[in-house]
Amino acid sequence: VREGHLTLLRFLPLALGRAFEAHLKEALAEVLCGLADATEPVRDAALSAGRVFVEEFSHSARSLDLLLPSIEDGIASENWRIRQSAAELLGSMMFRIAGASGKVRVEGGSDDEGISTEAQGRALTETLGEERHHDLLAAVYALRSDATLVVRQAAVHVWKTVVANTPRTLRLVLPRLMRRLIASLSAESDERRGTASRCLGELVRKLGERVLPEVFPILRDGLGSDAAATREGVCLGLAEVLAAARTEQLEEYLSDVVPVIRDALCDESETVRNAAGGAFDAMFRHGGADVASDIVPELLDKLDDDPVALEGIARTLLKEREDVGMYIHCANGHGRSGVFAAIMLVSRGVVEDLDDAKRQGIMHRQECGRLKDANGKLETRVEELERRLRETSSSLDSLRDASGKGEQELRGLLA
């Protein structure tokens, strides 16, 4: 039944023509549901209907306004079958606008290699508009890092068919691509976050020197967003960039990145601070103690004015290696040191809460007291044993002396 209904949708646009355009949005929603069906014939019928929709209604801006929102929703779907089919439908639409067949597949080779032309790119921009064209290219590029192989293959095919020069195109779409990746990094879906992480890492590894000058300003500006989810995504993205880049690539950007991380460590949102801790960890691998000396002292200076600064310091310490001991020194009293130590114990999961940390501290002090008492008793016992040993040694010496004198007297008598 489901297959029959979708097959009917395939032929209705051909029979009704423009009259079907009013129902296009609802029909495409049904097609997308069919693409996620568990039965392969139903999925095939849905994909065929979707291709007919694209073929018949990608000729005007009004029709595209009806088609593209549903296709873009499909690209962001949790179901990999819908993402794959949405990428194929988007490709069919872009191929038709650009005048490309889409049948030629470029296997292997460099990402810079494609079969598109500058004229086809201009045709897409003229029909879709520059902003929408760049948004769609950003969506396709992100799908190239999808967790599912068939989705990646579909996205790579579309990209190489409609993009003539990858580095130049990426520089054009980078602001929109970064916004998409930042939103995905802060999403609840593990799959979306994984895709965004892989995409950002690949972007930096392959085109580091070309894109880093533009990536860091975008991330810095994103930290000023009013949305905590966006600021969290910025910090997660910054951590990915720092992890993927080489140290020599980052040297000229350290002075710009350090203030971003320092501010994020004092963010009002806990999720942002946690993400900033990951960025600090990635930065620490490149800059080592220099990074810490640029960030931690300023956080210490903020302790009196900013109550969140202490948590920022804690985030930097939480990223230290677990097998390295932590020493806390306070020259003026033990109260603040104890509070800070308690916070660290809670943050690392050693104790459940501050009350538990206090109880553990009291128990530790009591145990230390017991050990001290036992040690004192042991030392007294050792001293007593040493005294007796000395007395015994003195007695033995006296016996040896007496024995020597007796031996001499006996020899005298025998002589």
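Modeller: One definition before we start: a helix here is a DSSP run of H or I with at least four residues, and helices are numbered from the N terminus. Also, this is a predicted model.

Colleague: Good to know. Which helix is Gly208 found in?

Modeller: Gly208 belongs to helix α10.

Colleague: And is Gly208 buried or exposed?

Modeller: Buried. Its relative accessible area is 0%, and buried means under 20%.

Colleague: How far is the C-alpha atom of Gly208 from that of Gln249?

Modeller: The two C-alpha atoms are separated by 7.3 Å, although Gly208 and Gln249 are 41 residues apart along the chain.

Colleague: Where does Leu250 lie?

Modeller: In helix α12, which covers residues 247–250. Leu250 counts as buried because its relative accessible area is 2%, under the 20% cut-off.

Colleague: Let's switch to cavities. How many of 30 Å³ or more does the structure hold?

Modeller: The structure has 1 cavity of that size. The space in the largest cavity comes to about 50 Å³.

Colleague: Which residues line the largest cavity?

Modeller: The lining is made by Phe216, Leu219, Arg220, Leu238, Asp256, Val257 and Val260. Two elements each give two or more residues to that lining, namely α10 (190–222) and α13 (254–265).

Colleague: What is the lining like by class?

Modeller: There are 5 nonpolar residues and 2 charged ones, with no polar residues.

Colleague: Now α9. How far apart are its end C-alpha atoms?

Modeller: They are only 23 Å apart, although α9 (residues 166–185) has 20 residues. A straight helix would reach 28 Å at 1.5 Å a residue.

Colleague: Where does α9 bend?

Modeller: At Val173, by about 65°. A proline, Pro175, follows within four residues.

Colleague: Which residue caps the N-terminal end of α9?

Modeller: That is Asn165, with a side-chain oxygen 2.9 Å from the backbone nitrogen of Arg168. The backbone oxygen of Asn165 has a contact too: the side chain of Thr169 reaches it at 2.7 Å. Thr169 is itself part of α9.

Colleague: Why does Thr169 count as buried?

Modeller: Because its relative accessibility is 14%, and anything under 20% is classed as buried.

Colleague: How about α4, what should its residues span?

Modeller: Helix α4 (residues 61–75) has 15 residues, so at 1.5 Å a residue it should span 21 Å. Its end C-alpha atoms are 20 Å apart, which agrees. There is a kink of about 25° in α4 at Leu67, shortly before the proline Pro69.

Colleague: Which residues of α4 are buried?

Modeller: Ser63, Leu64, Leu67, Leu68, Ser70, Ile71, Gly74 and Ile75. On helices in general, an α-helix has 3.6 residues a turn, so residues three or four places apart point the same way.

Colleague: Next, α5. How many of its residues are buried?

Modeller: 15 of its 19 residues, so α5 is mostly covered. For length, α5 (residues 80–98) should span 27 Å at 1.5 Å a residue, and its end C-alpha atoms are 27 Å apart, which agrees.

Colleague: What happens at the start of α5?

Modeller: A side-chain oxygen of Asn79 comes within 2.8 Å of the backbone nitrogen of Arg81. Just after α5, Gly99 has a positive phi of about 80°.

Colleague: Last one: where does Ala36 lie?

Modeller: In the loop between α2 (24–35) and α3 (40–57). Ala36 is partly exposed, with a relative accessible area of 26%. Its C-alpha atom is separated by 9.2 Å from that of Ser85, 49 residues apart along the chain.

Note on methods:
Residues numbered from 1 in each chain as written. Predicted model: local features only at pLDDT ≥ 70, side-chain atom pairs only at ≥ 80, totals over all residues. Heavy atoms only, no water. Expected span 1.5 Å × (residues − 1). Bend = angle between axes of the 7 residues up to and from the residue. Polar contact = N/O pair within 3.5 Å; in protein donor to acceptor, adjacent residues only side chain to side chain. 1 Å grid on protein atoms, 1.4 Å probe; cavity = no way out; pocket = protein on both sides within 12 Å on 5 of 7 lines; lining within 4 Å. Points joined across faces, edges and corners; volume = space filled by probe spheres on them. Nonpolar A, V, L, I, M, F, W, Y, C, P; charged D, E, K, R; others polar. Buried < 20%, exposed > 50% of the residue type's maximum accessible area, 1.4 Å probe, protein only.
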